[in-house]
Structures are given as structure tokens and as C-alpha cells.
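Please read the numbered points alongside the sequence and the coordinates.

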Amino acid sequence: MGFGNLELITLQQYWWIIISLLGGLFVFIMFVQGGQTLMDKLSDNETEKTMLINSIGRKWELGFTTLVLFGGALFAAFPLFYATSFGGAYWVWLAILFCFIIQAVSYEFRTKPNNFLGQKTYEMFLKINGNIGTFLLGVAISTFFSGSEFIVDSNNFVDWQNPLRGLEALLNPYNYLLGFALVFLAKISGALYFINNIDYEKIREKAVESIKINMIFFLTFFLGFMVWILVKDGYAVSENEIIVIERFKYLQNFIDMPIVLSMFLIGVIMVIIAVFVTITFGKTCCIKTGGVGIVLTVMAVLLNVGLNNTAYYPSTTDLQSSLTIMNSSGSHYTLMVMSYVSLMVPFVLAYITYAWYSMDKVKITKEEIESKDSHNY
């Protein structure tokens with residue numbers, strides 16, 4: 001049976017699953033952002049800092065690729081969300097975009113000769129991307145649960161009700177929970193990546209110590225976020241397609257979707273195991289276990305907010321303007337054609353995996369960096 005024979009709701013669910021997967025992959029690849037924030041903490045000199053930057057410099061483009069796939073899939077599958085959020089809350093998205101633009105510029109120009117801004121300036125840009133960019137992204141995603149101030153009329157024109165254009169999300173302290181949780185998760189995954197990718201004991205020891213500290217902060221904010229969404233009222237779609245407030249909606253979603261709950265629990269356990277084994281037994285391969293755990297956890301959270309008759313982008317101004325996968329998706333034909341194209345996703349993932357292992361065949365060493373520096377002179 002082809003995609004053309006599937007009902008519209010099935011295609012909508014299929015595409016929300018794909019978008020949730022891409023979201024999970026993107027959060028995992030944000031170990032690059034986390035690594036950028038650890039440059040000074042894990043290094044004592046320029047050689048060690050160059051080792052760190054060269055290590056994550058191999059992977060930062062994978063993050064951009066995944067981000068483009070994630071945004072492109074959202075635009076094509078759920079265009080009304082794209083128009084509402086990116087067209088209405090544009091200041092927060094422009095701030096996030098700026099943080100990612102300066103990351104790309106920094107990797108390109110940090111060590112160029114005659115660099116008029118100076119190397120330290122570009123390193124500061126990388127820290128801004130790692131800290132502020134990650135934090136703002138977490139705040140933006142948190143609005144899937146807290147809601148935003150907008151009205152969508154019968155012609156699907158969007159009227160954003162707050163002049164801050166998305167930055168008002170910063171006025172809700174609950175949104176900070178996911179923002180800070182993402183920052184510290186990225187730091188943990190960044191440290192796990194360095195431990196795996198850099199063959200230098202001094203950096204590995206410092207990375208382990210950073211994981212011990214950041215894990216405490218991550219668990220504090222992440223558990224706070226989970227408690228908040230599980231006890232708060234959610235936005236449900238009734239049988240007659242009316243948006244209503246439902247008590248403990250997100251908790252009920254986990255109960256109603258045991259597969260999603262299992263994904264979430266397995267993902268969390270895998271991240272904890274990765275950290276525990278790295279700290280206790282000194283293993284260097286746990287970025288893989290932790291990475292799969294991150295993907296499963298984030299994917300489960302996104303599936304929770306989008307499936308089971310849930311409004312994934314609620315409006316606190318006009319409840320009936322809230323977006324669901326049913327009222328914000330493209331047409332049956334659009335989703336059908338895209339579904340055939342989505343069959344290429346496994347090949348894209350295979351290419352990313354191949355590129356990853358090809359780049360990691362040789363670990364970064366101090367001798368390699370010092371050899372390159374001597375040749376430069």
C-alpha cells in the first residue's frame with residue numbers, strides 16, 4: 001500500500017514523528033554548542049584549546065544540516081506553524097538565527113591571517129552560540145507547553161498579540177527550565193564527545209569533572225521541567241475539534257501512549273548510564289549511548305505534545321487559534337509527495353553516520369596539533 005492510500009490524519013502523524021526524530025537528532029548534535037562553552041574550562045593553553053575547537057569543528061556542519069532538515073520539514077508539513085511562529089515570534093527566532101550565523105563565521109575566520117576582529121572575538125562568538133543560542137532554543141520549544149499570544153483568523157492570517165514578538169517567552173520563568181536544561185545537557189554531551197574524540201588524558205580528566213558538575217544542574221532543571229508539564233493543564237482537541245483545557249493532559253498522553261513513555265524512560269536511563277559509566281569506569285565510548293538516549297528522550301517529549309489530540313502550539317490569547325497537527329498541516333497531496341521523498345531519510349542518516357566515522361578514524365592528539373603549528377612557522 002502506498003502513501004496515497006493513507007488517510008490525512010495518518011500522514012499528519014507520520015510527519016510529526018519524522019519532525020520529532022529530526023528534533024531529537026538536532027538536540028544530540030548540539031554537543032557542538034556544549035563543547036564550545038567548555039573551551040576555556042578544559043584547556044590550559046592555546047594548543048589544548050585548538051585541540052578542542054578542531055574536534056568539534058569537524059562536526060558543527062552536521063548541526064546546520066539537521067537544523068535545515070528540521071526547519072524544512074516543519075515548513076512543508078505544517079506550514080501554518082511556520083507562518084505563525086516564524087512570522088509572528090520573529091524576534092526570538094532572529095536572535096537564535098544570529099547566534100548560529102556567528103558560529104559559522106567563527107569557524108571560518110577564527111584562524112585566518114589578518115583577522116581584524118581577533119581570535120578571541122570569534123571564540124566569544126562560539127560561547128554566545130553555545131550558551132545563549134542553546135538557551136533561547138530551549139525557551140522557544142518550551143512555548144509548545146506554555147503557549148504564545150497570537151490569533152489566527154479564518155483566512156489563516158496571523159496576528160501576534162505581543163509587541164515583543166516571541167521574546168515575551170522570557171517573561172515566563174517556567175520556560176527557563178527547558179532553556180537551562182538544554183544548556184547543561186549540551187555541556188554534558190560535549191564533554192562526552194571530547195572524551196571519545198581527543199586522545200589526551202589531561203583533557204579527558206577535566207571533561208569528566210565537568211560532567212559531574214553539569215549533571216547536577218541538568219537534572220535539577222530537567223526534572224523541574226518534567227514536573228511542570230506533567231502537573232500542568234494541557235491543551236486538548238475534543239471530539240468536535242474544539243480546543244479545550246484538560247487537566248494533566250501531558251501526563252495522560254504518556255499513559256495513553258505507552259510506546260512514547262517507554263521511549264522517554266529508556267532515553268533518560270541511557271543518558272544516566274552513559275554518564276555513570278564514563279565517570280565510574282573511565283569509558284571513552286559513551287557519547288554513542290548518551291546520544292541515542294538524547295534522541296529518544298527529545299523525540300518522546302515532542303511526540304507527547306503533538307499526538308493524542310493535543311494542541312502542540314497553544315494560543316493563550318484565543319484558545320481556538322491553537323495549532324494542532326490537524327489544522328496546521330499541508331494538504332493530503334503535499335504530505336503524500338513528501339512522504340515518498342522521506343524515504344530518502346535513512347540514506348541521509350547513513351551518510352551522516354559514514355561521515356562521522358570517517359572523520360573519527362584518527363583521534364585528535366596533542367602531537368598532531370603541535371606538528372601543524374610547527375609547520376605553520
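1. Helix H8 (173-197), helix H9 (201-231), helix H11 (258-281) and H12 each give at least two residues to the lining of the largest cavity, and H12 provides the largest share, six residues. Helices (H or I, at least four residues) and strands (E, at least two) are DSSP runs, numbered from the N terminus. A cavity is, on a 1 Å grid over the protein atoms alone, a set of points where a 1.4 Å probe fits but cannot get out, and lining residues have an atom within 4 Å of a point.

2. This is a predicted model, in which local features need pLDDT of at least 70 and side-chain atom pairs count only at pLDDT 80 or more, while totals for chains, interfaces and linings use all residues. Residues are numbered from 1 along each chain as its sequence is written, and side-chain values use heavy atoms, with hydrogens and water left out.

3. The largest cavity has a volume of about 280 Å³, a volume being the space filled by probe spheres set on the grid points, which are joined across faces, edges and corners. Its lining comprises 20 residues, of which Leu 178, Leu 185, Phe 222, Thr 297 and Val 298 lie nearest the centre. By class, that lining divides into 18 nonpolar, two polar and no charged residues, where Ala, Val, Leu, Ile, Met, Phe, Trp, Tyr, Cys and Pro count as nonpolar, Asp, Glu, Lys and Arg as charged, and the others, Gly among them, as polar.

4. H1, helix H2 (31-37), H4 and H6 each give two or more residues to the lining, with the largest share, three residues, coming from H4.

5. Turning to open spaces, the largest pocket contains about 590 Å³ of space; a pocket is an open set of points with protein on both sides within 12 Å along at least five of seven lines. Of its 25 lining residues, Leu 67, Phe 70, Gly 71, Phe 86 and Trp 93 are the closest to the centre. The lining has 23 nonpolar, two polar and no charged residues.

6. The second largest pocket has a volume of about 430 Å³, and Leu 25, Phe 28, Ile 352, Thr 353 and Trp 356 are the closest to its centre among 17 lining residues. H1, H4, helix H12 (286-306) and helix H14 (345-359) each supply at least two residues of this lining, which has 13 nonpolar, three polar and one charged residues.

7. Is Ser 142 buried or exposed? Ser 142, in helix H7, counts as buried because its relative accessibility is 0%, the cut-off for buried being under 20% relative accessible area with a 1.4 Å probe and protein chains only. Its side chain makes a polar contact with the side chain of Asn 175 at 2.8 Å, that is, a pair of N or O atoms within 3.5 Å, one able to donate a hydrogen and the other to accept it.

8. Strand S3 (residues 234-237) and strand S4 (residues 243-246) pair in the antiparallel sense over four bridges, pairing being assigned if DSSP finds at least two bridges. Ala 236 stands opposite Val 244 in S4. Five residues lie between the strands of this hairpin, where Glu 241 takes a positive phi near 60 degrees.

Methods: Buried means under 20% relative accessible area, exposed over 50%, partly exposed in between (1.4 Å probe, protein chains only).
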